[in-house]
Amino acid sequence: MAGMTEVRTAHTADLDSATLKAARALLDDVFAPDMTDHDWEHALGGVHALVWEGGELIGHASLVQRRLLYGGRALRTGYVEGVGVRADRRGRGYGAALMEALERVVRGAYDLGALGASDEAADFYASRGWRRWQGPTFALTPGGVIRTADEDGGIYVFAPAVPMDLSGELTCDWRDGDVW
């Protein structure tokens with residue numbers, strides 16, 4: 001991470017409109033053409049980790065609070081969203097630095113960390129100690145609990161404060177767009 005002294009963290013409420021606009025533009029570029037307004041909305045309302053190079057944002061990740069149901073309990077979960085590093089800056093440790101900042105928050109404030117990983121990012125998260133959820137996934141929707149089989153194998157959890165059977169059922173709370 002040559003030239004980078006630290007990753008800054010801030011709550012959405014403490015970010016100015018220019019920073020939020022830069023973060024959205026970065027994620028639009030990183031995830032083109034798949035970044036949606038719902039995806040952006042999911043990244044708001046929590047702690048953002050930001051990497052700046054000079055005056056340019058080159059990396060972003062956020063952690064928002066959700067509730068995941070497991071074993072009859074609603075676990076306070078730090079859910080990772082919007083992790084992206086500008087293409088020409090990848091492979092330099094910026095993604096690891098972003099995740100390290102968020103993992104510190106998970107360890108200090110949540111029962112569990114969770115995220116939905118793309119196939120391309122799965123090895124990165126696994127190398128950081130995130131464990132793949134092996135059991136069936138569900139979502140608690142306004143119409144009741146529904147199975148989310150398409151998400152099976154793509155959900156990862158981190159440092160649970162409670163013992164968990166990774167082959168059990170895991171249910172996420174409702175949100176518009178992609179529920180996981």
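Rings of Phe, Tyr and Trp count as a pair if their centres lie within 6.5 Å. In this predicted model, the structure holds 4 aromatic pairs.

One of these pairs joins Tyr 70 and Trp 133. Tyr 70 belongs to strand β3, residues 56–70. Trp 133 sits in the loop between β6 (131–132) and β7 (137–141). The two residues are 63 residues apart in sequence, so their pairing ties together separate parts of the chain. Tyr 70 and Trp 133 are both buried.

Trp 130 and Phe 158 form a pair of the stacked kind. Their ring centres lie 4.9 Å apart. Trp 130 is found in the loop between α4 (122–127) and β6. Phe 158 is in strand β9, which covers residues 155–158. Here the pair ties together parts that are 28 residues apart in sequence. Trp 130 and Phe 158 are both buried. These two residues also belong to one aromatic cluster, together with Phe 124 and Tyr 125.

Arginine residues also lie over aromatic rings. Arg 66 lies over the face of Tyr 79, at 4.7 Å from the ring centre. Arg 147 is placed over the face of Phe 138, and its distance from the ring centre is 5.3 Å.

How values were computed: Residues are numbered from 1 along each chain as its sequence is written. This is a predicted model: local features need pLDDT of at least 70, side-chain atom pairs count only at pLDDT 80 or more; totals for chains, interfaces and linings use all residues. Side-chain values use heavy atoms; hydrogens and water are left out. Rings of Phe, Tyr and Trp (its six-membered ring) pair if their centres lie within 6.5 Å; planes under 30 degrees apart count as stacked, over 60 as edge-to-face and the rest as tilted. Helices (H or I, at least four residues) and strands (E, at least two) are DSSP runs, numbered from the N terminus. Buried means under 20% relative accessible area, exposed over 50%, partly exposed in between (1.4 Å probe, protein chains only). A charge sits over a ring if NZ of Lys or CZ of Arg is within 6 Å of the ring centre and within 35 degrees of the ring normal.
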